[in-house]
Amino acid sequence: MPELPEVEVSRQGIRPYLENQRISKIVVRDDRLRWPVPITLQDAVGCVVHEVARRAKYLLLKTDKGTIMIHLGMSGSLRVLNSDVSAEKHDHVDIVMETGLCLRLNDPRRFGSVLWEPGDVLQHKLIATLGPEPLTDDFTAQLLFERSRHRKAPVKSFLMDNHNVVGVGNIYANEALFTAGINPKRAAGNISLARYKVLVDDVKDVLAKAIKQGGTTLKDFTQTDGKPGYFVQELQVYGKAGKPCPKCGELLQSLKIGQRNTVFCSDCQR
DNA sequence: ATGGTGACCTGACCGC
DNA sequence: TGCGGTCAGGTCACCA
């Protein structure tokens, strides 16, 4: 589920229940996530969460002693509920607040992670080398253009590479390249500045729109039914191989780029 | 440095 | 009903 929009929607959803509240207990039912959940995570107990931030797809629960870093991987999701609600399958970690509410991570595939960084979280190994946030002014066509010169990797792989820009996952890479009219196989180094301008605008548009719409589905993070999820979006190409292109009617093609399913229109995307 | 691949996991789905 | 194969929204480590 999580691409950047869902992570941001999750951040907004959990924030009111965590900010300025003290952590009273952390329950780790299964520490076998992408990286083992560290024992030091318990250092967060007793701390007040003063900010719920986000960097790339990491949610950052900041305290005076350090930061809890949560990544949802491919299948993770978060809920806020009363801590006495019994855990279900794949409910691996609870961060229990003094209010009696807890943040509960469910992650069937265990590709997610929960880590503890006592120092500057932006210097953490997994975060320090990341590219700019797509929804800030740091993400520019000029940057993509310069970074991509002499690169022969497909533009789709280039766009999904966290070192160039964070938070563009498979769905939105497909969507943005479609909207921008760029063939996903085209070498990144072979795309003009003008076309990167279009692409950057379209990446921003599609992400912003998804966040906005995702927000509307998120009625109440404390509900136990209906997980806070993504919902059906107006996706134009993702998951629609073999169907007509929304622009020209030609059938959408699919192929694998970097092991990921890629859908595009061979007429509209050059 | 770059780019391509395997690996980490579970669950849903499809065809036999 | 069961079994095997395939696929899935991420991303790091490793090798040529």
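I began with the lining of the largest pocket: 13 residues are nonpolar, 12 polar and four charged. I counted Ala, Val, Leu, Ile, Met, Phe, Trp, Tyr, Cys and Pro as nonpolar, Asp, Glu, Lys and Arg as charged, and the others, Gly among them, as polar.

The model is predicted, so to speak of local features I need pLDDT of at least 70, and side-chain atom pairs count only at pLDDT 80 or more, while totals for linings use all residues. Residues are numbered from 1 along each chain as its sequence is written.

I looked up the volume of the largest pocket next; it is about 920 Å³. Of its 29 lining residues, K57, H71, G73, M74 and R260 are the closest to the centre. Helix 4 (155-160) and helix 5 (170-180) are the elements that give two or more residues to this lining. A pocket here is an open set of points on a 1 Å grid over the protein atoms alone, where a 1.4 Å probe fits, with protein on both sides within 12 Å along at least five of seven lines; lining residues have an atom within 4 Å of a point. Helices are DSSP runs (H or I, at least four residues), numbered from the N terminus.

Domain 1 (4-123) and domain 2 (141-264) each give at least three residues to the lining of the largest pocket; the bounds come from an automatic or database assignment.

I then turned to the second largest pocket, with a volume of about 200 Å³. Its lining has 11 residues, and E175, T179, V206, K209 and Q236 are the closest to its centre. Helix 6 (193-217) and helix 5 each give two or more.

Notes:
Chains lettered and ligands numbered in written order. Heavy atoms only, no water. Points joined across faces, edges and corners; volume = space filled by probe spheres on them.
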